[in-house]
Protein chains: 2
Amino acid sequence: MPVDRSTRHHQVVQIDEFTLINAITAGLPTADFVSVGLGDDAAVVNLEQPSVVMCTDMLVEGRHFRHTWSEAEDIGHRVAAANMADVAAMGAVPKALLLSVAIPAETEAGWVSDLIDGVQAEAEKVGAVVVGGDTNATDGPIVISGTAIGDLQGRAPVRRSGARPGDQVAIAGRQGWAAAGLTVLSRGFRSPRVLVDALRRPEVRYDAGVAAAIGGATAMIDVSDGLVADLGHIAKASGVAIDLSAESLPVDAALRDTAVAFSIDPLLWVLGGGEDHCFAATFPQDTQLPEGFTRIGVVNAGEPVVTVDGGTRRGLSGWRHFGPDRT
Amino acid sequence: MPVDRSTRHHQVVQIDEFTLINAITAGLPTADFVSVGLGDDAAVVNLEQPSVVMCTDMLVEGRHFRHTWSEAEDIGHRVAAANMADVAAMGAVPKALLLSVAIPAETEAGWVSDLIDGVQAEAEKVGAVVVGGDTNATDGPIVISGTAIGDLQGRAPVRRSGARPGDQVAIAGRQGWAAAGLTVLSRGFRSPRVLVDALRRPEVRYDAGVAAAIGGATAMIDVSDGLVADLGHIAKASGVAIDLSAESLPVDAALRDTAVAFSIDPLLWVLGGGEDHCFAATFPQDTQLPEGFTRIGVVNAGEPVVTVDGGTRRGLSGWRHFGPDRT
């Protein structure tokens, strides 16, 4: 708890910026591979070898999160997960995170502190650390931008473009849970708790990214826009068609029961939902899938489309930030 | 010009996100040290050796820029410069940039394209490239977050904490120009153009960062909050006092003439101004300063304060994003 009880409820406008930064970062750990951490112009992170995997992902209040649904710590977990999952989807181990925030002046210091605690707690799952950031005032909604870097440890990156006809398609990790949680909350319910929690804090199988790379994955993507939408990115980049088998798609009991209660086809969550950050990958047909992966379909020659049991599914679209077909 | 004439004035809300991203990134170059660039889950950048220098810096509309004063391309230059200067201030060569943006739906696609063009144009000054990003909708002001990584090429990082009593204090690059430009614009003038331009697009001596590292700098910082404020960070981190010599501070003719016209002491700009991203460094007393550096003071034993001719200057404070003493 880096912000002590006396300043926790102070608005950030009441605190000098440097004092604020010192307070909210005071409890953060470092790591032996970090030779310069917080508090200098830039951080210095020592990887095993000099190929740096890097990505950025931003969350905007009112678009990606609501205060009524998520605590600051949850949001920290999410921004860290979104970035680290992208790094892991290349077959790399996430090592370090940067966090920049734009926050209204009336935000409580404790909120920012909890946000960073959430980021660090998520990072700790893979031994990564927060090494820097930037705090700024805004008159608008809170905006949180994260950056993660990762270490390929000598492996070749697993790209979206390597899928070949005959490959198996497989996923690792929860898929559709966050979308189901969103449906639950949108309809005014607070349970099943396991689904609501899945929306608040994804449970990402970071280890599956490295396992897939070691296990011979030909292509891989982090599912954040939706399973069909993101497999569409692999199909397009690889110049292949992908066909999924509906009966092989994992539908957990929590999803099935809630779908019945809401009269929804649970496959819409599994096929269309994003934000769980499961890993979707393709493997040569004879390869034994790494632990955690479930086979869900096959790669075919053909136009880059994604089908289910040979046909397209209605009602599916990935998340769009702009544009007329925004969900 | 990645966005063609037909879509340039389309609002981003009218364009599908992936189409927008393709349009605004279509003209971006890559580099031979980038093995995975735009369009995958994450980028892969190959450094000379595995110590990664990394930092993030965010610009918020209405706080760091105004549309009436800056074009999108200027803002792109600024966010790239702010990040690359931090990397260079560690003694590293900037190699790659990430850019995440939150933009209102009515923003024109051409504005975003120009922003990225500005980032890339600034990056090209040091051979760096844009390798990834994230676009998001917001109901509030535009928020732009940049990340830069750099390559130390085997050098030790130059930290803030290495200044020792007896060291020389020196700066490289413009200092006070952006602050003077801000004064000019704030008073409703548009000239001297050279000062206004300095605010819009900093001219950063990136080469001076590496030169200082090679030349034996004991401490270094990128001046973004103000010369006295940022030297104060060195003083505090190093546990030393710093005394500047007023007559050795470089006051360009443009600064001097404008100061006379506005009845302002130009040293207030030089000592208090940020945003020029000059490099302030300390060197052992017998070291010949690298090209581009001007000696402005000396490091003494004592409490960590920054004085000018042995005394403190009134009217100086660095930029604060929050807090009662915000300028």
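Reader: Before we go into particular pairs, what is a salt bridge here?

Author: A salt bridge is a side-chain nitrogen of Lys or Arg within 4 Å of a carboxyl oxygen of Asp or Glu. Please keep in mind throughout that this is a predicted model.

Reader: Fine. So what do B:Asp40 and A:Arg160 do?

Author: Their side chains meet in a salt bridge, with N and O 3.5 Å apart. B:Asp40 sits in the loop between β1 (34-36) and β2 (43-46) of chain B, while A:Arg160 sits in the loop between β6 (143-151) and β7 (168-172) of chain A, so the pair joins two chains.

Reader: And are B:Asp40 and A:Arg160 buried or exposed?

Author: B:Asp40 is buried, and A:Arg160 is buried as well.

Reader: How many salt bridges cross between chain B and chain A?

Author: The rule finds 8 salt bridges across that interface, and the search of the whole structure, over all chains, gives 24. There is also a network of salt bridges that links A:Asp40, A:Asp41, B:Arg159 and B:Arg160.

Reader: What about the interface as a whole, how much area do chain B and chain A bury?

Author: Between them the two chains bury about 5900 Å², and 59% of that is on carbon and sulfur atoms. In terms of residues, 74 of chain B are in contact with 74 of chain A, and the count of residue pairs in polar contact between the chains, with both residues at pLDDT 80 or more, is 28.

Reader: Which element gives the largest share of the chain B side?

Author: That is strand β3 (residues 51-60) of chain B, from which 9 residues of the side touching chain A come.

Reader: Back to charges, but within one chain: which residue does A:Arg8 pair with?

Author: A:Arg8 meets A:Asp114 in a salt bridge, at 2.5 Å from N to O. The pair links distant parts of the chain, since A:Arg8 belongs to the segment before α1 (17-25) of chain A and A:Asp114 to helix α3 (residues 109-124) of chain A, 106 residues apart. Both of these residues are buried.

Reader: And B:Arg205 with B:Asp207, how far apart are the closest N and O atoms?

Author: They are 3.1 Å apart, and the two residues form a salt bridge. B:Arg205 counts as partly exposed, at 26% relative accessibility, and B:Asp207 is likewise partly exposed, with a relative accessible area of 46%.

Reader: Changing topic: which residues of α1(A) are buried?

Author: The buried residues there are A:Glu17, A:Leu20, A:Ile24 and A:Thr25. They lie on the same side of α1(A), because they cover an arc of only 110 degrees around the axis. Among the elements that cover them are α3 and β5 (129-137) of chain A.

Reader: What is buried in α6 of chain B, and what comes just after?

Author: In helix α6 (residues 206-214) of chain B, the buried residues are B:Tyr206, B:Ala208, B:Gly209, B:Val210, B:Ala212 and B:Ala213. Just after α6(B), B:Gly216 takes a positive phi of about 95 degrees.

Conventions:
Residues numbered from 1 in each chain as written. Chains lettered and ligands numbered in written order. Predicted model: local features only at pLDDT ≥ 70, side-chain atom pairs only at ≥ 80, totals over all residues. Heavy atoms only, no water. Helix = DSSP H or I, 4+ residues; strand = E, 2+ residues; numbered from the N terminus. Buried < 20%, exposed > 50% of the residue type's maximum accessible area, 1.4 Å probe, protein only. Arc of directions from axis to C-beta. Contact = heavy atoms within 4.5 Å. Buried area = accessible area lost by both parts, 1.4 Å probe. Polar contact = N/O pair within 3.5 Å; in protein donor to acceptor, adjacent residues only side chain to side chain.
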